[in-house]
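Subject: Structure handover

Hello,

Here is the structure I said I would pass on. Please look it over before reading the notes below it.

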Amino acid sequence: MVVLSFQPVQFPRTDCRCSVRQARVATTRCIIAEPSGVPAPLGEKTKYNDGLFAKVFMSLFARKMEKFAAKEVKKNKKKEWWEIDYENFVDVSKRVMQGRSRLQQQQAVREVLLSMLPPGAPAQFRKMFPPTKWAAEFNAALTVPFFHWLVGPSEVVEVEVNGVKQRSGVLIKKCRYLENSGCVGMCVNMCKIPTQDFFTKEFGLPLTMTPNFEDMSCEMAYGRVPPPFEEDPVAKQSCLTEIFAGSMANPNSKVCPKLQA
């Protein structure tokens, strides 16, 4: 019988500011193609060089989401998995939103996430990662390398959970999903709420995501119980018309319409 003692673990800081050449050999690989090696300034779209790992996940998510997506207005030739890029992935996300209420959008994402797991995975996760400080910090450390294809560069940071400071936070520097979609509703309904609910309810490990719509960063806090939607500040967030002029943003609405449906 093996007894595991869960002791606080100090994870090394994971910074995603390596060069493109270094990225090919680094464990936590960057995919930013900007000369600076960091996300582009606010108002400019960051350029990425997506490798095989990123392409595989984009294709997998896009194909799973296609089941719930509205049909394309202009029927295009079906792409092979290696031809799917981030814009295709975002386009599928937008079509999943069409004709669905806020709760229906969130439910669709939940179904997609469950479909990507083997049977019994949530129960196994609960056994392996009970809601402890160690589990929260461990999952924060895993988030940085495994989700950079989806949200861009991030790093583990210290957060406060129930009055205790721990390194179970992840700071996303400029969310790739938000800057490519340009939609508050997509951020909240297709990412924030479904991800929070999935970890909190399915995996039993609380997670709170706090997007900053002024600079497009986002803080993830593992171990922190998320507030009800009605009490969350994002519930009153307006469209980002100043940053995403000409996008799906509605300049005449005080609250993003996608959050009201």
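This is a predicted model: local features need pLDDT of at least 70, side-chain atom pairs count only at pLDDT 80 or more; totals for chains, interfaces and linings use all residues.

Helix 6

Helix 6 covers residues 133–146, 14 residues in total. From its first C-alpha to its last it reaches 20 Å, close to the 20 Å expected at 1.5 Å a residue. Its buried residues are Ala135, Ala136, Glu137, Asn139, Ala140, Ala141, Thr143, Val144 and Pro145. These buried residues pack against several elements: helix 5 (121–128), helix 7 (148–151), strand 1 (154–161), strand 2 (164–172), helix 9 (184–202) and strand 4 (217–222).

The largest pocket

The volume of the largest pocket is about 920 Å³. Its lining is made up of 33 residues, and those nearest the centre are Phe61, Leu113, Phe147, Thr195 and Phe199. Two or more lining residues come from each of helix 2 (52–66), helix 3 (86–97), helix 4 (102–115), helix 6, helix 7, helix 9 and strand 4. Sorted by class, the lining has 29 nonpolar and four polar residues, and no charged residues.

The largest cavity

Two cavities of 30 Å³ or more are present in the structure. The largest cavity holds about 80 Å³ of space. Around it stand Val151, Ile172, Cys175, Leu178, Cys187, Cys191, Lys192, Met209, Pro211, Met216, Ser217 and Cys218. Helix 9, strand 3 and strand 4 are the elements that give two or more residues to this lining. The largest share, three residues, comes from helix 9. By class, the lining of the largest cavity has 10 nonpolar residues, one polar and one charged.

Is methionine 216 buried or exposed? Methionine 216 has a relative accessible area of 1%, and it counts as buried because the cut-off is under 20%.

Asparagine 162 has a positive phi as well, near 55°, and is likewise a residue other than glycine. This asparagine lies in the loop between strand 1 and strand 2. With a relative accessible area of 76%, asparagine 162 is exposed, whereas methionine 216 is buried.

Regards

Methods
Residues are numbered from 1 along each chain as its sequence is written. Side-chain values use heavy atoms; hydrogens and water are left out. Helices (H or I, at least four residues) and strands (E, at least two) are DSSP runs, numbered from the N terminus. The expected span of a helix is 1.5 Å times one less than its number of residues. Buried means under 20% relative accessible area, exposed over 50%, partly exposed in between (1.4 Å probe, protein chains only). Contact means heavy atoms within 4.5 Å. On a 1 Å grid over the protein atoms alone, a cavity is a set of points where a 1.4 Å probe fits but cannot get out, and a pocket is an open set with protein on both sides within 12 Å along at least five of seven lines; lining residues have an atom within 4 Å of a point. Grid points are joined across faces, edges and corners, and a volume is the space filled by probe spheres set on the points. Ala, Val, Leu, Ile, Met, Phe, Trp, Tyr, Cys and Pro count as nonpolar, Asp, Glu, Lys and Arg as charged, and the others, Gly among them, as polar.
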